[in-house]
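Student: Please take a close look at one part of this model: its aromatic ring pairs. Which rings pair up, and where do they sit?

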Amino acid sequence: DSRRLFDTPFVFLCAEKQFELTDAEAKNFGEYLRKGGFAVLDNGNPTQEFGAAEASLRKMFRDALGSDAKFLPIPKSHPIYHCFEDFDDGPPQGDEVGRSEVAEVGTVNMQFGYLKFTLNKQVLYLEGIWIDDRLVAIYSDKGYARKWKETSNNEPQLKMGVNMVVYALTQEGSIAQQKMDFFSTAN
């Protein structure tokens with residue numbers, strides 16, 4: 001709920017569990033997005049279909065923007081995929097596919113102890129939230145934060161992160177652009 005948020009041109013939030021904004025935080029976040037802010041919200045548990053983290057992140061937008069919070073797939077032709085690195089096929093795969101999970105099986109199969117399985121929930125797009133014609137936020141159900149902290153096999157995901165930051169800093173109407181305009185005319 002700090003007003004210092006309005007000096008920040010880019011916000012990244014990764015959630016792995018349920019959370020809720022206060023009314024003041026939701027109001028501040030909505031105002032931030034409407035006044036040129038840009039946010040990327042990443043589901044930290046992308047293999048959990050309709051999990052608590054995903055629900056909280058989506059609710060965060062609805063609480064902050066009300067009826068303006070419409071989640072729409074970002075088309076492959078959008079500048080977010082081409083502003084620094086080119087992703088002609090859309091966003092790279094994140095941590096949403098192929099994670100091995102271990103679950104305890106029921107009492108019937110207890111002699112085997114644990115069952116190992118792989119979840120496959122491939123997400124082919126990022127979702128965007130627009131206010132008027134300006135992309136103000138990205139919702140990612142790809143688990144990029146998990147990939148970014150790995151020490152190898154994450155170059156496409158890191159490059160996608162660079163695109164997100166470059167886009168946020170260079171898009172018309174952004175906080176960064178407003179500050180550059182202010183300083184370039186304040187002679």
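Tutor: Here is a walk through the ring pairs. The model is predicted. A search of the whole structure finds nine aromatic pairs.

Start with Phe10 and Phe38. These two rings are stacked, with 6.1 Å from centre to centre and 20 degrees between the planes. Phe10 lies in the segment before strand S1 (11-15). Phe38 lies in the loop between helix H1 (23-34) and strand S2 (39-43). The two residues are 28 apart in sequence, so their pair ties together separate parts of the chain. Phe10 is partly exposed, at a relative accessible area of 22%. Phe38 is buried, at 0%. The cut-off for buried is under 20%.

Now turn to Phe71 and Tyr139. This pair is edge-to-face: the centres are 6.2 Å apart, and the planes stand at 85 degrees. It too links distant parts of the chain, 68 residues apart. Phe71 sits in the loop between helix H2 (52-65) and strand S3 (72-73). Tyr139 belongs to strand S7 (residues 134-140). Both Phe71 and Tyr139 are buried.

Phe71 has a further contact. The charged end of Arg58 sits over the Phe71 ring, 4.8 Å from the ring centre.

Finally, widen the view. Phe71 and Tyr139 belong to a cluster linked by ring pairs.

Technical notes. Residues numbered from 1 in each chain as written. Predicted model: local features only at pLDDT ≥ 70, side-chain atom pairs only at ≥ 80, totals over all residues. Heavy atoms only, no water. Phe/Tyr/Trp six-rings, centres within 6.5 Å; stacked < 30°, edge-to-face > 60°. Helix = DSSP H or I, 4+ residues; strand = E, 2+ residues; numbered from the N terminus. Buried < 20%, exposed > 50% of the residue type's maximum accessible area, 1.4 Å probe, protein only. Lys NZ or Arg CZ within 6 Å of the ring centre and 35° of its normal.
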